[in-house]
Each structure stands twice: as structure tokens, then as C-alpha cells.
Amino acid sequence: MAGQSNINYGKRTHFQSDAATNGGSKRRNPGDETEQRGIGSEDTVYRYLCPLKKIGSIIGKGGEIVKQLRSETKSNIRISETVPGCDERIVTIYSSSEGTNLFEDSGEFVSPAQDALFRVHDRIVAEDSLADDEFGELTLITVRMLVPADQIGCVIGKGGQVIQNIRTETRAQIRILKDEHLPLCALSFDELLQVAGEPAVVRKALVQIASRLHENPSRSQHLLLSSSSNIYQSSGVYLSAPLVGSYGNYSARRDEASAREFSLRLVCPAGNIGGVIGKGGGIIKQIRQESGASIKVDSSGAEGDDCIIFISTKEFFEDPSPTITAALRLQPRCSEKTERESGDPVITTRILVPSAQIGCLIGRGGAIISEMRSATRASIRILTNENVPKVAFEDEEMVQITGSLDVASSALSQVTLRLRANTFEREGALAAHPPVLPYVPMSLDITDGSKYGNRDNQSRGRGNSYATGNLPGRDSYGSYGGSLSGGGNAYGAYGDHSSGRG
């Protein structure tokens, strides 16, 4: 099956049939009506997190749907009880690892558990896949799975190469989360695998991830069912000692001292705030969850028509940036919208930047800002003094980006990437080790009612698919076609630019 790993992570050495494993487990909720066997050490196992509000889509009335899924796929499907304080339930899918089920129309055979995983996934996201965003963007979905720490290495790969390849091939945003990001239903040895993007993109990534997990079973998976009924207190706290395999914990091996707080301050017209927050806070909550960034709307200092959207995350330089991902997702909503004489929509995105940091965007003699303008075809301006909105701090200047949404998105990626590299004092390393480009919707139309009609001739590619075609097609922020300036005071004079407010 496409996307299978060729790296040895303790792969299965033989197939084990259902009949070879002892131990059944009786029904504990409407989703587990029939007696099912336990999990064997060589089985294929997935634990998919289903939002409580969607659990009915896989259980059905009287358990009819889950019974049908079991019957059609010949897999075992168990749905956990609700853990107090947790808004998700674990759907545990497992079977013999033998490839007995024809995978759709591919002509390839997969294990029953893989077959069931995709069917369960399709049911859970079915409504989301059909919904349209009020701004004309394609709907974005997020899939969350629990993976034991001793198994997650097969998805990450040596030096993160495997997860990087899956991101590049599928264009999905894939993150490995732990500790405070884990839901209450997780076990102490779990890590959270999160995949976000458009429905087709997420499913493509899920196929590759499922294949790798199938090829590399966890050494602790046989304990999952036997322990799941007695590991939680009423608070959802795990009582037993953690089980950590030879991979250990991927995130814990990092040097926490190398993490930095990276933040952005976007200026948003007050009239756009409703589109940023959404009904009942739905939009901003979704972007927070999908990006992993902290997002706050601050109107306390507003004098006039502007508010501040503050985005921040503690990040590692080598990882994709949740802050930049969130900024790109918010850009169509917090930017000013106008039209060219031709009727084509144009947006203006405004970012407040400390005066001490603005040099990394200008460069010696204006070389960097000229390079970004040439590469993206966007209008990029540095505004100071009276041209800075009143919501800005005294030591801030404003970067203003104007262009069609795909052009402005490209420019925002480059501007924020350089600010991030400057925060980490890693400008020189940026070209050699560019982080993965965060997920940007394929459809970047920002139509707003009848005022902004569809663009007949405008490219609707991702943020790094430029109409001008003068940037290399690379899955990274940092391919600018030119060298990046060094840190420190290497920016030199900026011509007429004033770095103060005056």
C-alpha cells in the first residue's frame, strides 16, 4: 500500500489470525454489543478520537451502524465510555494484520482494521466535508488519534524525515502533541497525532499514517483493552505507571531551553471581528485547535476602527510554526477588503512589528524587502509615525501587505518566517533548514456576498503556488531564491527609513 515505511521500527514478523488470540471483552455501551476478542501483539490497532456530538454517526440507532461496520469489515470496533470533562470518545479499531480486505478501487488488500478506520473516518467527517465556509473557503477538518509513545517513532522517522515526507506529499498539517494537549481519555503513554486540512488532503495523509502504524505495532497494545476499564478515576486521571517503549517520548528528548515564544500582532478592522470569532466563538476555537496557537482578540486599547489579534506559541525552530499557521488561517478574515478597478478583490494585511526587529524585513539597503516584493508581487510597505494605527505600542512599526489573497498570503508567509527566524536568532540557518509550510487552504477565494465576485482568471492555489511562477515549488517557507541576511547588526543603513515613532 502506498506510503508504507521501509524503515525498521520493530516491524511485525508474521501475521496472527483472529482465532489465535484469546480473551474476549463484553459489551459496555451501545457501540459494543457483541463479544469481541482482545488485542494481540501482532494486530493492527487504531484509536480514533470522535467528538461526542458525532458519536451517533458511527453507533447508529440501537448500535445498527457499528454492527454493520463490524460485519462488513470483519474488524473489532470498541467505543469507549465517556470520560467526565472530555469532549471526545475513543473508537478503538483492531484486527488481524493480514491483508484480507480490498481497499476501495485500488486493487490492493489491507487489514480489516485499516478498512474499518477509513469507513469510520468517512462517517465522522461526512457532514463537515459537505459544509461550505461563509467566506467561500473549502471546509477544513481535523482528525485526532492516540498513538503509544513506543509506536509514534514510525510516523516521525529519523530526524523527522518520515513526517516531513508525508506533509510534503499530502499537503496536510500533521502535528505530534503531548502533555497538556492530551485529552482526558488518553493514557499516560499516549501521544496525540493531529492531522488538519481539507477533507481530501486529510484522508490522503490518514492512508499513509495508517499504513505506517500497521507496519509497526506497539509493544504495549495488548494492554489497551484490559486496562481501559480501570485506569481512570472519575476525574479522568490515569492511575497506573506509564509504559514507555524504546522510542521513549519524542517531544521529551528535546532541549526545552531551545524553545522560544514567537508571537504576532495583527491589526484587524473592528467590523471584521465577527468573522474572526464566529458564532459562539466557533471559528476562532477551530483555528486554535487546528493550529495549536494561542489566539486572543484585544479591543481594550482600540481608539477608532481597529482591534489587535495577538497570536503566540512556544515553539522549536525546527518545527512548523503554529503561530504562522494561525496567522495564515486568520488572514482572509482580519484583512481589509477592497477592489481593483477591474473588479478583482484585493486585501490589505497589517502586522505590528517592534522597531528593534523591523530591520530583518528591510535588509541592507532595502535588499530583503525588495526581494520579497519581487518574489511575491505583493505591495509590502513599512509604515511609521502617524501612519501607524493608534492601537500600536510606541515602539512598534507596521508592515502593510496588499494584493490578491494568494499573493498576500505568500507575502505574509515570507514576512512572518523572517520575523520568526529573527526571534530565534537563526536567519543564517533558515535557508538550510526551512520549517515545513503550514497548511493553507487550496481555495483562497474570499468572496463576501455580492461585493466580491469569483475571480475567473485568478489562480486558486495554495499560499506557495504563485501566479507569477517565480518561486520554486518547494514545501517550505524559506525558498526565496536569494540568500538571507545574517543576524545582529548586519542590516546596516535603511536609507530614508526611520526606526522610531518620532
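## A buried arginine

At a relative accessibility of 5%, arginine 47 counts as buried (buried means under 20% relative accessible area, exposed over 50%, and partly exposed in between, with a 1.4 Å probe and protein chains only). Arginine 47 sits in strand β3, residues 44-51. Strands (E, at least two residues) and helices (H or I, at least four) are DSSP runs, numbered from the N terminus.

The side chain of arginine 47 makes a polar contact of 2.3 Å with the side chain of aspartate 190. A polar contact is a pair of N or O atoms within 3.5 Å; within protein, one must be able to donate a hydrogen and the other to accept it, and residues adjacent in sequence count only if both atoms are side-chain atoms. Not counting residues up to four places away in sequence, arginine 47 also touches residues including Ile90, Val91, Met145, Leu187 and Leu224; contact means heavy atoms within 4.5 Å.

## The model and its confidence

This is a predicted model, in which local features need pLDDT of at least 70 and side-chain atom pairs count only at pLDDT 80 or more, while totals for chains, interfaces and linings use all residues. Residues are numbered from 1 along each chain as its sequence is written, and side-chain values use heavy atoms, with hydrogens and water left out.

pLDDT is the predictor's confidence in each residue, from 0 to 100. Its mean over the chain is 74, and 69% of the residues reach 70 or more. Over residues 2-10 pLDDT stays under 50, and the model has 22 contacts for them beyond four places in sequence. Residues 13-35 also have pLDDT under 50, with 61 contacts beyond four places in sequence.

## The chain as a whole

The chain has 14 helices and 17 strands. Of its 502 residues, 57% are buried. Among contacts with a separation of 6 or more, 73% join residues 24 or more positions apart.

## Two nonpolar cores

A nonpolar core is a set of buried Ala, Val, Leu, Ile, Met, Phe, Trp, Tyr and Cys residues joined through side-chain atoms within 4.5 Å. The largest one has 46 residues, and Val91, Leu117 and Ile174 have the most contacts inside it. Helix α6, residues 199-215, gives the most to this core, with eight residues. Another core, of 42 residues, lies apart from it and has Val276, Ile284, Ile295 and Ala378 among its members.

Valine 91 is in contact with Arg47, and also with residues including Tyr46, Ile77 and Val120, leaving aside neighbours within four places in sequence.

## One face of helix α9

Which residues of helix α9 (282-291) are buried? They are Ile283, Ile284, Ile287, Glu290 and Ser291. Seen down the axis of α9, these buried residues fall within an arc of 135°, so they line one face of the helix. The arc is that of the directions from the helix axis to the C-beta atoms. The cover over the buried residues of α9 includes β8 (141-148), α8 (273-277) and α10 (322-334). After α9 comes glycine 292, with a positive phi near 85°.

Most residues other than glycine have a negative phi. Arginine 377 has a positive phi, near 65°. Arginine 377 lies in the loop between α12 (367-376) and β16 (379-383), and is exposed, with a relative accessible area of 52%.

Asparagine 385 also has a positive phi, near 50°. Asparagine 385 is in the loop between β16 and β17 (396-403), and is partly exposed, at 24% relative accessible area.
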